[in-house]
Amino acid sequence: KEIVECEKCSRLREHCTQVAITKRRAYRDQEYWGRPVPSFGDPKARLLIVGLAPGAHGANRTGRMFTGDSSGDFLYRVLHNTGFASQPTSKFKEDGLRLNDAYITASAHCAPPDNKPSPEELNTCREFLTRELALMPRAKVVVVLGRIAFENYLRAAGLKLGGYEFGHGVEHKLDNGRTLICSYHPSQQNTSTGRLTEPMLEAIFTRARQIIARP
C-alpha cells in the first residue's frame with residue numbers, strides 16, 4: 001500500500017502518468033495502472049528476485065511486476081519451467097498466475113524514462129527493499145537481474161560493493177546466511193542478441209532451487 005501511494009520521485013511519477021495517458025497504440029483500449037508497482041509473490045518465500053524497474057507499457061500498464069512485456073514473458077517461462085510459477089505466461093494482473101516459494105521486487109517501483117532510474121531515485125526507493133529484506137527472514141537465495149539490481153541489493157543489505165563481483169552465474173555466500181546469485185537482466189536487448197538465453201536463465205533458477213532444497 002505504501003509503495004502504490006508513494007509520490008517521492010516527481011520525475012518518475014510524471015513519466016508514469018504521462019505514459020498511462022498517451023498509451024501505446026496496441027493497448028489504447030486498456031486502462032493503464034500508472035502508479036508505483038508493488039512487489040509480487042509469496043512473502044514467506046525462500047527465493048527473492050530483484051529486478052530493475054517496471055516497463056512503461058508492461059508493469060506500468062498491468063500493475064504487476066514483469067507482466068505484459070517481453071521481459072516478463074521470458075522470465076515467467078523460466079520460472080514455470082523451474083517450478084516457481086504456476087503458469088508460463090503473465091498477461092494481466094488477474095490472470096491466475098501464482099508464484100511458488102518466490103517473491104519478486106524491483107530496484108525502482110516506477111517506470112523510468114529510457115529504463116534508467118537516476119542514482120537519487122534508486123536511493124529513495126531502496127527503503128522499500130531494505131524493509132522487505134527484514135520482513136523475509138526465510139529467504140535463502142537472492143537472484144539479482146542485472147548489475148543495477150545487484151548493486152542496489154548490496155546497498156540495501158548494508159554490504160560494500162567492492163567486495164563482490166557481478167557476472168552471469170556468479171554466486172556469493174553472504175554473511176547473513178543468504179546466497180546471492182547474479183544474472184543478466186532478461187531485457188529485450190539481452191535476449192534478442194543472445195547475450196541471455198532461456199537455458200542460461202533456467203540454469204540460474206535451477207541452481208537457486210538446489211540451494212533452497214538444502215537442509
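I take a residue as buried when its relative accessible area is under 20%, as exposed when that area is over 50%, and as partly exposed in between, with a 1.4 Å probe and protein chains only. I take helices (H or I, at least four residues) and strands (E, at least two) as DSSP runs, numbered from the N terminus.

I note that this is a predicted model, in which local features need pLDDT of at least 70 and side-chain atom pairs count only at pLDDT 80 or more, while totals for chains, interfaces and linings use all residues. I number residues from 1 along each chain as its sequence is written, and side-chain values use heavy atoms, with hydrogens and water left out.

**Entry 1: the sheet**

I looked up the strand order first, counting two strands as paired if DSSP finds at least two bridges between them. I found an open sheet of 6 strands in the order β1-β3-β2-β4-β6-β5, with mixed pairing; its edge strands are β1 (40–41) and β5, each of which pairs on one side only.

**Entry 2: strand β6**

I then followed β6, which runs parallel to β4 and is joined to it by 5 bridges; Val141 stands opposite Thr179, and Leu145 stands opposite Ser183. With β5 (residues 171–173) the strand β6 runs antiparallel through 3 bridges, and Lys173 has Thr179 as its bridge partner. β5 and β6 make a hairpin with 5 residues between them, where Gly177 in the turn has a positive phi of about 90°.

Which residues point each way from β6? Thr179, Ile181 and Ser183 point to one side, Leu180 and Cys182 to the other, and all are buried. Since 5 of the 5 residues of β6 are buried, I record this strand as largely enclosed by the rest of the structure.

**Entry 3: helix α6**

In α6 I listed Ala149, Phe150, Asn152, Tyr153, Leu154 and Ala156 as the buried residues. What covers them includes β2, α5, β4, β5 and β6, where contact means heavy atoms within 4.5 Å. For directions I used axes, which are lines fitted to C-alpha atoms (for helices over the stretch in contact), with angles from 0 to 180 degrees between N-to-C directions. On that basis α6 lies across β2, β4, β5 and β6 and runs at about 135° to β4. Just after α6, Gly158 takes a positive phi of about 75°.

I also checked α5 against α6, which pack at an angle of about 65° with their axes 9 Å apart. From α5, Leu122, Arg126, Leu129, Thr130 and Leu133 meet Ile148, Asn152, Tyr153, Arg155 and Ala156 of α6.

**Entry 4: the cores**

I define a nonpolar core as a set of buried Ala, Val, Leu, Ile, Met, Phe, Trp, Tyr and Cys residues joined through side-chain atoms within 4.5 Å. The largest one has 53 residues, and Leu47, Tyr76, Leu79, Ile104, Val143, Val144 and Phe205 have the most contacts inside it. Among the elements that each supply at least two residues of this core are β2 (47–51), β4 (141–145), α6 (147–156) and β6 (179–183), while α8 gives the largest share, 6 residues.

Leaving aside neighbours within four places in sequence, I find Phe205 in contact with Leu47, Ile49, Leu75, Val78, Leu79, Thr82, Phe84 and Val143.
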